[in-house]
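Have the viewer open and follow along.

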Amino acid sequence: IGWDAWHPRTFTWMLLEKKDSGKKFYSGGVDNNLMTQFFITLKHLADSLYTDRFIFAWDSPINKRKQQYSWYKNNRERKDETPLEQEYFANCMRQFPILRDVILPTLGYQCFMVEGYEADDIIASIVMNNKEQYIFVSSDADMYQLLPYARMYDFKHKQILTKEWFQETCGFPASDWWKVKMIAGCSTDTVPGVEGVGEKTAIEYLNGKLLPKYKKYQAIKQADPAMLARNETLVRLPFAGCPILQPTRPVQPRFVTFQHLVWKHELFYFQSHANQESIKQSLGMK
């Protein structure tokens with residue numbers, strides 16, 4: 001299972017929403033809320049999908065899409081953060097490298113991060129170039145274009161999506177979903193499309209149900225080719241140049257070790273993660 005690991009700011013907002021719950025998670029005097037919530041979520045996924053074999057994909061700090069189009073995901077940067085939000089974000093940023101580079105690999109999980117590319121690109125490379133039967137975990141509609149290669153677990157709605165579901169819902173093959181995003185753009189990624197045209201209209205156009213007499217049909221037909229070409233580059237997976245990734249077969253993680261770290265009452269407690277060596281020792285690693 002490939003999991004599109006959350007962005008640190010997503011975790012920041014999640015933790016801020018839970019800050020009044022009364023639960024505090026500390027280890028060695030250090031707040032480890034992020035790791036706690038991460039593994040609570042992982043346990044939920046393992047229980048829901050009846051497996052404990054995961055591969056994790058992480059965004060690179062360097063983004064080739066943003067290098068090509070400077071406005072890409074420009075709305076993700078919040079300029080009006082409160083001191084509390086800044087504190088939570090800084091704490092998340094401190095914990096993410098430890099989680100990605102030490103704890104998850106020690107437990108037996110593979111983590112992929114490729115410079116310049118997003119987690120979506122990594123998952124696309126893996127499911128499109130390997131015969132292994134994968135399920136990828138995401139709530140991002142951009143990922144529908146990968147349904148011909150693997151099933152998708154929609155984390156938000158807690159359901160598994162297939163290429164058959166997509167065909168029945170949208171009326172055309174999932175492999176063409178990128179064309180919808182090319183025409184309509186992507187507001188969450190700050191990629192503008194044809195003015196006045198949303199996803200529903202783009203779907204009608206691709207299905208031949210948008211009549212030529214309508215202004216939106218004409219707007220699509222007369223759209224700037226350069227804009228459409230730019231959008232195709234930005235929304236089609238994987239992004240150009242992404243290497244072909246060949247993960248090993250997902251291994252059975254050491255859940256004995258996982259339990260040894262002690263998970264009780266939804267509290268995931270590390271004996272110490274003040275430094276990487278103490279983590280390895282607590283996991284029985286030399």
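## The overall build

The protein chain has 12 helices and 12 strands. Keep in mind as you look around that this is a predicted model. The chain runs to 286 residues, and buried ones make up 48% of them.

If you take the contacts in the chain with a separation of 6 or more, 68% of them come from residues 24 or more positions apart. As for the surface, the protein chain exposes about 15000 Å², with carbon and sulfur atoms supplying 52% of that area.

## Empty space inside

Rolling a probe the size of a water molecule over the atoms shows where empty space is left. Here, the count comes to two cavities of 30 Å³ or more. The largest cavity has a volume of about 70 Å³.

Which residues line the largest cavity? The lining is made up of R65, Y72, E118, D120, D142, D189, V191, L234, V235 and L237. Sorted by type, that lining splits into five nonpolar and five charged residues, with no polar ones.

The bond from L237 to P238 is the cis one, with omega near -10°. P238 sits in the loop between helix 10 (225-235) and helix 11 (255-260).

## An arginine under cover

Is R100 buried or exposed? R100 counts as buried because its relative accessibility is 17%, and the cut-off for buried is under 20%. R100 belongs to helix 4, which spans residues 83-107.

Leaving aside residues up to four places away in sequence, R100 touches W58, P105, C111 and M113.

## Two lysines with positive phi

K73 isn't a glycine, yet its phi is positive, at about 55°. You'll find K73 in the loop between helix 3 (64-68) and helix 4. K73 is buried, with a relative accessible area of 18%.

K158 is another non-glycine with a positive phi, again about 55°. K158 lies in the loop between strand 7 (151-154) and strand 8 (159-161). At 43% relative accessibility, K158 counts as partly exposed, so it falls in the band between the buried cut-off of 20% and the exposed cut-off of 50%.

## Helix 8 and its neighbors

Helix 8 covers residues 199-206, and T201, A202 and I203 are buried in it. What do the buried residues of helix 8 pack against? They pack against helix 6 (163-170), helix 7 (177-184) and helix 9 (215-221).

After helix 8 comes G208, a glycine with a positive phi, near 70°.

## Cysteines and disulfides

A disulfide is a covalent bond between the sulfur atoms of two cysteines. How many disulfides does a search of the whole structure find? The search turns up zero.

C170 has a relative accessible area of 10%, so it counts as buried. C242 comes out at 13%, so C242 is buried as well. C170 also falls within the range of helix 6 (163-170), one of the helices that the buried residues of helix 8 pack against.

Key. Residues numbered from 1 in each chain as written. Predicted model: local features only at pLDDT ≥ 70, side-chain atom pairs only at ≥ 80, totals over all residues. Heavy atoms only, no water. 1 Å grid on protein atoms, 1.4 Å probe; cavity = no way out; pocket = protein on both sides within 12 Å on 5 of 7 lines; lining within 4 Å. Points joined across faces, edges and corners; volume = space filled by probe spheres on them. Nonpolar A, V, L, I, M, F, W, Y, C, P; charged D, E, K, R; others polar. Helix = DSSP H or I, 4+ residues; strand = E, 2+ residues; numbered from the N terminus. Buried < 20%, exposed > 50% of the residue type's maximum accessible area, 1.4 Å probe, protein only. Contact = heavy atoms within 4.5 Å. Areas by Shrake-Rupley, 256 points an atom, 1.4 Å probe, with all protein chains shown as cover. Disulfide = S-S within 2.5 Å.
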